[in-house]
Amino acid sequence: MSFQAYLDNIEAKTGLTPRQFIELATERGFGPGTKATPIVAWLAEDHGLGRGHAMALVHVITKGPQISAKHVDSGGAHSDPADTLWLDGAATNPNG
């Protein structure tokens, strides 16, 4: 599953876009420099997300929408078509 697909699945499950999760995380004091453990625990407890989906959000909460170029069109399981993730909801994604 691509990184973007993880984010889109999270939105489908929770009704919240990745950008909304970033806002909620910021309200809790999470952001760049925050370790994954407290974010993963919060996402599991409050939103019922498993580790894989939570780790996708950990990335965008702590590092933003940019992903490593090694994942772009790599043909691997987590390959994405672009190095920037769409955070504003699957329905508004100009790339599909």
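Residues are numbered from 1 along each chain as its sequence is written, and side-chain values use heavy atoms, without hydrogens and water. Because the model is predicted, local features need pLDDT of at least 70 and side-chain atom pairs count only at pLDDT 80 or more, while totals for chains, interfaces and linings use all residues.

Q: How many salt bridges does a search of the whole structure find?
A: A salt bridge is a side-chain nitrogen of Lys or Arg within 4 Å of a carboxyl oxygen of Asp or Glu. Searching the whole structure on that basis gives a count of 2.

Q: Which residue meets Arg-19 in a salt bridge?
A: Arg-19 lies in helix α2 (residues 18-27), and its partner sits in the segment after α4 (51-63), so the pair ties together parts that are 69 residues apart in sequence. Helices here are DSSP runs (H or I, at least four residues), numbered from the N terminus. The N to O distance is 2.5 Å, and the partner is Asp-88.

Q: What is the distance between the closest N and O atoms of Arg-28 and Asp-46?
A: These two residues form a salt bridge. Arg-28 is in the loop between α2 and α3 (36-47), Asp-46 is in helix α3, and they are 18 residues apart. Their closest N and O atoms are separated by 2.7 Å.

Q: How are the ring planes of Phe-21 and Trp-42 arranged?
A: Rings of Phe, Tyr and Trp (its six-membered ring) pair if their centres lie within 6.5 Å; planes under 30 degrees apart are stacked, over 60 edge-to-face, and the rest tilted. Phe-21 in helix α2 and Trp-42 in helix α3 are 21 residues apart. Both are buried. Their centres are 6.4 Å apart and their planes at 70°, so the pair is edge-to-face.

Q: Which residues form one aromatic cluster?
A: The rings of Phe-30 and Trp-42 have centres 5.7 Å apart and planes at 55°, so that pair is tilted. Both Phe-30 and Trp-42 are buried. The cluster is formed by Phe-21, Phe-30 and Trp-42.

Q: Within what arc do the buried residues of α2 fall?
A: In α2, Pro-18, Phe-21, Ile-22 and Ala-25 are buried. The arc is that of the directions from the helix axis to the C-beta atoms. The buried residues line one face of the helix, because they fall within an arc of 105°.

Q: Which exposed residues does the face of α2 turned away from its buried side carry?
A: The buried residues of α2 have a cover that includes α1, α3 and α4. The face turned away from that buried side carries Thr-26 and Glu-27.

Note on methods
Helix = DSSP H or I, 4+ residues; strand = E, 2+ residues; numbered from the N terminus. Buried < 20%, exposed > 50% of the residue type's maximum accessible area, 1.4 Å probe, protein only. Contact = heavy atoms within 4.5 Å.
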